[in-house]
Structure formats: C-alpha cells, structure tokens
Amino acid sequence: MGEEGTEGTVHLLCLAASSGVPLFCRSSRGGAPARQQLPFSVIGSLNGVHMFGQNLEVQLSSARTEDTTVVWKNFHDSITLIVLSSEEGTSELRLERLLQMVFGAMVLLVGLEELTNIRNVERLKKELRASYRLVDSFLGDSERIGDLTQCVDCVVPPEVSLLQEALSGFAEAAGTAFGSLVASGRVVAATESWWRLGTPEAVLLPWLVGSLPPQAARDYPVYLPHGSPTLLDRWWQPVLDPLRTCVPLGPRALPAGFPLHVDVLGLLLLHLELKRCLFTVEPSGDQEPSPEQRRRLLRSFYSLVTATHFPPEPGTPEDKVEDAAQRAQVPRACYLVSGPEEPGTGWRLVALQLGPRRLLLLVSAQSPTHGLRSLATHTLHALTPLL
C-alpha cells in the first residue's frame, strides 16, 4: 500500500460547464500550496474529452495514466470540477470526496444560486476568491481527516459536560439554536440543532474556522452596553479553565492521560451514524514514523478498506443499491502489514467495525500480527464512551 499523499502534485480545476471557461485553478505540491499552473491547452483538453463523452451520453468519471489519476465531476449541470493527482498511492475515493468538499466550500461562501445561474463569469471569478483558503486546505497535508471521511473532526476535553452546558445556555441566551465550540478546526461541543446539520456543512463549518488566520476579520459576539453587557461573562467566565484545556487538544483529540496501548501510533474512530470522528497520530510521538507519515498511512488505509472491504457508509448512494445478502458477507476486521511480515519489521494497520463504529489503528512493528484484532477490540471498547 502506497502512502496516500506522498510527494507529488495536485491540480484542481473549476470550469463553467456550459462554456468551458476556467473559473479558477489551485495547485499543491508535497502538501503545500504551489504556484505551478496547468497550460490552457491541457485544461481545454481535459474539459473537452469530458464534454465529448457527455454529448454521447457517456459519463467520464475517472482515468489513470502511469503516474497520474484524473477525476471529473459535474455539479448541477453548471460547474465542472477536475482534479489531477500525481501523489503516490492516491485513490479515486479520496479525489471524488475532495471534489465534493470543494463544491461544498464554493456553495458555503458564494451560494448555490450564483453557481447554478451564472450571469457574469468575471464577477463569479472574483467572488470565488473568498473560497481559495478553504479549498487550498483540502489540497494540503491537513492534521484533520473529515475531508476524506465526511465525518466531523472532534476532540474530547476532560470536562466536556461543563462546556456543553455553558454552550447550550449561551446559545439559548443569544437566540440561536446553532452553536459549537471549535479548537484547531475540531468540534469540542455543539448544540443538538448544530449536530443535525447535514453533510457537508457540519464538516465544512469547523474546517472553515480552522483555515482562518488568527488575525482574520470575522463576525464575533459583542457586549451590548445596555441590552446585555455581561452576556459572555455569565456563561463563559465559570468555565474559563476548561476552555483553556481545549486549546492544546487539537492534534491529540483525546483527553490527557487517556489509556492507549503503547504500540498504538495513531487511530481513526468513526461513528458512521452520527457522522463524527476522532483522529490522532499523537500517541508515542517520539517514535517513527513521523506524524505526517502516520496521517498518510491512515488516510490510505481508510481509502482501501472503505473502497474494498467494509460496506458503504450510511447515506451514500452505494448503500441504497447494495444487495442485502452481499452486505451480510462483508468482513468486520482486516489488517495490513507495511513491509516484511516479520517480528520487529513493518508497521501494522488494523481495521475493525462493530455496529455503527469503525476503528482504524496504526500499530508499531513490535506488535505481533496475531494480537491485532484483540488490541483493536480492546481499544474500541475503551473509546466507545467518547464517541
């Protein structure tokens, strides 16, 4: 299994479907934004072959060359998104979900009406600049994984009940049903109505907050000198210390001191019905591989098991057409060894699904393969109260 997202280039193209006019092009190399742009002739060819297929009622969705994967997707017969990736091990699943998140980001910041009823292409180009930072965060090497899993990245603070109570009270006092606390782009707590937001907005909103620079201008609550001069103090001053503990939680995701086996180097826990996830590569941070490699290994393993082993996730189109008898035969656990399957060599990756929860673990080379399922089962039981 190649490491998804290793050194390579990703190009994202956005075009008006009817005219083929490019609206923007964003690129990244090695997980960082790049200025390299595709020649207009290449852009025209990629869009032309897609339009040619459509005219013949043939849907071109993906193609592979020796070193590049290309995925096309049309949205509302108005916007065509194309992504090309030369990153080693990149899966079509990852690129398809990337395009879904990019279009969701465009809708979030520009509005669906502007995208489906294009009146002025030049004006739309300018409006879409507001989405560049969020779009670029999907192309880069992120510490989060909601763009791939389409589940909300979460963290679990030690005093979550206090923060949940304060947030609910504050939201009610502010006259809104939708509120969430976000740390490093991950949700700490949220109101019931916020959790009922659909995909992708529940994923996009905290991702947007996490993509903003600390100095960015934004809407924020204020003290009203007459109407509510102490609104914020009333709800948040009593929980100031628990709030401070959330700040360093981001990459860790789990409460400090949470018992994990020493061989666990990273984990991804998904609750497929709630559409939430916990993702961390912080355990045993002083060991190889690096955090960046750990994230890539887990992302690649998620793509592999989702596409080939486990049943489609609830709510996906594939789930609605899958035969019930076939679903009854799908595996509930699998593992992979990255490198020689010998004691002390190669990292272990194990996946386990029980009910609505799916757990993926990256385990050190010292862990014996015959104990992987037991380790995953024990870890999942320990994590279940958190998500």
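Trainee: How many aromatic pairs does the structure hold?

Mentor: This is a predicted model, where local features need pLDDT of at least 70, side-chain atom pairs count only at pLDDT 80 or more, and totals for chains, interfaces and linings use all residues. Residues are numbered from 1 along each chain as its sequence is written, and side-chain values use heavy atoms, without hydrogens and water. Rings of Phe, Tyr and Trp (its six-membered ring) pair if their centres lie within 6.5 Å. The aromatic pairs number four.

Trainee: Are the rings of Phe138 and Trp207 stacked, edge-to-face or tilted?

Mentor: Planes under 30 degrees apart count as stacked, over 60 as edge-to-face and the rest as tilted. Here the centres are 5.4 Å apart and the planes stand at 45°, so the pair is tilted.

Trainee: Which helices does this pair link?

Mentor: Helices are DSSP runs (H or I, at least four residues), numbered from the N terminus. Phe138 and Trp207 are 69 residues apart, in α5 (residues 132-139) and α9 (residues 201-211).

Trainee: What class does the pair of Trp194 and Trp195 fall in?

Mentor: The ring centres of Trp194 and Trp195 lie 5.2 Å apart. Their planes are at 85°, so the class is edge-to-face.

Trainee: Which charged residue sits over the ring of Trp195?

Mentor: The rule asks for NZ of Lys or CZ of Arg within 6 Å of the ring centre and within 35 degrees of the ring normal. At 3.5 Å from the centre of the Trp195 ring, the residue is Arg276.

Trainee: How many disulfides are there?

Mentor: A disulfide needs two cysteine sulfur atoms within 2.5 Å. For Cys154, the nearest cysteine sulfur, that of Cys277, is 6.4 Å away. The count is zero.

Notes:
Helices (H or I, at least four residues) and strands (E, at least two) are DSSP runs, numbered from the N terminus.
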